[in-house]
Amino acid sequence: MTLTLIVLILVIGLFCLFAEFFIFPGLTLSGILGGACLVAGVVLGYRTFGYTIGNVIFLSTLVLAGLIFRVGLRKLSSRQFAIHESIDSKVNVRLGEVRVGDLGKTVSALRPGGTAIIGQQRLEVFTRGEFLDAGQPIVVSSVNANRVTVKAHVEMPATQDMSPEV
């Protein structure tokens, strides 16, 4: 067995472990294959070249694996695994007072919570369990602290003169 072949086995093992952790995590096949290649490369190094070269191969494999993971974590984790956005919105910061009986319209579907416009304000609102589609007229049924509860507003048709014709 040549030193080149042992180094190739170790490089394949390091690449498979890198792929397991950073490219497709959870696909245990590449992790198992990488670990097996690293163990096989170190064992073959000890068998072929003795303890001195075997120890050099073992220690260099440990150092290279540590460097690869350190560099990989530094490069990939800052871009791929971290959220770079922050949420600065607040729930139902009301400009004016919302009162029971105020009319509005749903912006999103209420299942049972969602967004609606009441007056000139866009608020997070809730129903008492019923589902409402987007664009439906609503009326405020209760206001408790930051929770606005609404229900569907059924517009009554204009009353017609129901007197009998003469």
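A nonpolar core is a set of buried Ala, Val, Leu, Ile, Met, Phe, Trp, Tyr and Cys residues joined through side-chain atoms within 4.5 Å. Buried means under 20% relative accessible area, exposed means over 50%, and partly exposed lies in between (1.4 Å probe, protein chains only).

The model is predicted: local features need pLDDT of at least 70, side-chain atom pairs count only at pLDDT 80 or more, and totals for chains, interfaces and linings use all residues. Residues are numbered from 1 along each chain as its sequence is written, and side-chain values use heavy atoms, with hydrogens and water left out.

**Cores**

The largest nonpolar core has 11 residues: V98, L110, A116, I118, L123, V125, L132, I138, V140, V148 and V150. At least two residues of this core come from each of strand 2 (113-118), strand 3, strand 4 and strand 5. A second, separate core has 8 residues, among them I6, L38, V42 and A65. In soluble globular proteins, nonpolar side chains tend to be buried together.

**Strands**

Helices (H or I, at least four residues) and strands (E, at least two) are DSSP runs, numbered from the N terminus. Two strands pair if DSSP finds at least two bridges between them.

| Strands | Sense | Bridges |
|---|---|---|
| strand 3 (residues 121-126) and strand 5 (residues 147-152) | parallel | 2 bridges |
| strand 4 (residues 137-144) and strand 5 | antiparallel | 6 bridges |

V125 stands opposite V148 in strand 5, and I138 stands opposite A152 in strand 5. Strand 4 and strand 5 form a hairpin with 2 residues between them, and A145 in the turn has a positive phi of about 50°.

**Around A116 and V107**

Contact means heavy atoms within 4.5 Å. Apart from neighbours within four places in sequence, A116 is in contact with K105, T106, V107, Q121, R122, L123, V125 and I138. V107 lies in the loop between strand 1 (103-106) and strand 2. V107 counts as partly exposed because its relative accessible area is 33%. Not counting residues up to four places away in sequence, V107 touches T115, A116, I117, R122 and A134. The C-alpha atoms of V107 and G135 are separated by 5.8 Å, although these residues are 28 residues apart along the chain.

Helix 1 gives the most, with 3 residues. V11 is in helix 1 and is partly exposed, at 47% relative accessibility.
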